[in-house]
Amino acid sequence: MKFSISKEAYLSALQQVQHVVSTRTTLPILSNVLIKAGKGELLFATTDLDVGISGTVKADVEEGGATTLPARRLATIVRELPADEVDVSVDEKNVAHIRSGPSSFKLMGLAHDEFPPLPTFNDAREFKLEQRVLKECLRKTSYAISTDETRYVLNGILCSFRDNMLTMVATDGRRLAMVEQELEFPQSHEGDIIIPTKAVNEIQRLLGDEGEVTLKVASGQVGFDLGNYFLASKLIEGNYPNYRQVIPGESKERITLEREPLLRTLARVSLLLSDKSNSVKLHFSKDNLEVVANSPDVGEARESVAINYKGVEMTVAFNPEFLMAPLRNLLSDEVHLHLIDEISPGVIKSGSSFLYVLMPMRVNS
């Protein structure tokens, strides 16, 4: 195998696929990237047996072939190469010779036929949507995925395909983020899947602001076809909890808040919190919101925000990190906070498609 490629294209392709590679694996081949050289292009692929990514990049291929090389070490070498052009040749013992300007490296690889193949999606249900739309939906929900491995079904995002609507939900039991997106598909394609965290993180990295993505759903697997790159992942098996049950009914107060100023206020006030005292109090009175953090062992912070509020005076406490998370990931100028009382969950809404439920914390008087 013999090819020439620009350093920039080589490094970009390696960086897109290398994150899947596990640093702790008992199978040496899983630490490697598969490289196949064909007509005018290279194919790169990595897998940890749960998630796999493949991608193509243009190259000047003198001699076709395939090998696998240590992914992270190869990326590190390419990053440091001194010249813009890279020449690579691989002998029959899977030893790669990498040359760039005055530098040359010899890197030991493994045979390509040991590399586990990525799943095929021949009879998959397919859903097409814009990359930008999927990226935005994932950004608005993924931060609420549970990290508690004892509740495995919550370690991912639920994607529910029903009535020409894609509903995406993430929850850790203390908060829930949900976004809805209109999407046309045949009734036969309806169903629910749970995409695991690692695949969510990887597809967010790959998605751009232009072009389409095709979701392919097969038995126990999901694929994302972005044209130049393809990601495949195992799905989480199991039944996602009935998330509709935790969405509160009619609210008593609907408070319009400026997203960015509120986020900055919460960030400042939270500086005075400690491990023992990790809640901020929101005190609503006529045309005023006072945000308070109080830690007996650290001190106290208060900040007032002028708002349009005519309702009953009330104080509700939330985990500040959970309250700030949707504010960081939304782009709208305003959000609407819906409250029933001081002990019921609060709901943040943005537009007609996004909803975030947050459990309150006990208010210490």
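**Strands, helices and salt bridges**

Guide: Strand S24 (residues 346-350) and S25 run antiparallel and are joined by five bridges, where strands are DSSP runs of E of at least two residues and helices DSSP runs of H or I of at least four, both numbered from the N terminus, and where two strands pair if DSSP finds at least two bridges between them. This is a predicted model, in which local features need pLDDT of at least 70 and side-chain atom pairs count only at pLDDT 80 or more, while totals for chains, interfaces and linings use all residues. Residues are numbered from 1 along each chain as its sequence is written, and side-chain values use heavy atoms, with hydrogens and water left out.

Visitor: Which residue in the hairpin of S24 and S25 takes a positive phi?

Guide: The hairpin has three residues between its strands, and in the pairing itself Gly346 has Leu358 of S25 as its bridge partner. The residue with a positive phi, near 65°, is Gly351.

Visitor: How many of the five residues of strand S25 are buried?

Guide: In a regular strand the side chains alternate between the two faces of the sheet. In S25, Phe354, Tyr356 and Leu358 on one side and Leu355 and Val357 on the other are all buried, so that both faces are covered, buried meaning under 20% relative accessible area, exposed over 50% and partly exposed in between, with a 1.4 Å probe and protein chains only. Strand S25 (residues 354-358) is therefore largely enclosed by the rest of the structure, the count of buried residues being five of the five.

Visitor: At roughly what angle do the axes of helix H5 and helix H6 cross?

Guide: Arg259, Leu262, Leu263, Leu266 and Ala267 in H5 meet Leu323, Met324, Leu327 and Arg328 in H6, contact meaning heavy atoms within 4.5 Å. The axes, which are lines fitted to C-alpha atoms over the stretch in contact, with angles from 0 to 180 degrees between N-to-C directions, come within 10 Å for H5 (residues 259-269) and H6 (residues 320-329), and they cross at roughly 145°.

Visitor: Which residue meets Lys198 in a salt bridge?

Guide: A salt bridge here is a side-chain nitrogen of Lys or Arg within 4 Å of a carboxyl oxygen of Asp or Glu, and a search of the whole structure finds 19 of them. The side chains meet at 2.7 Å, N to O, and the partner of Lys198 is Asp48.

Visitor: Is Lys310, which meets Asp287 in a salt bridge, buried or exposed?

Guide: The two side chains meet at 2.7 Å, N to O. Asp287 lies in the loop between strand S19 (280-285) and strand S20 (288-295) and Lys310 in the loop between strand S21 (299-306) and strand S22 (314-318), so the pair ties together parts that are 23 residues apart in sequence. Asp287 is partly exposed, with a relative accessible area of 30%, whereas Lys310, at 60%, is exposed.
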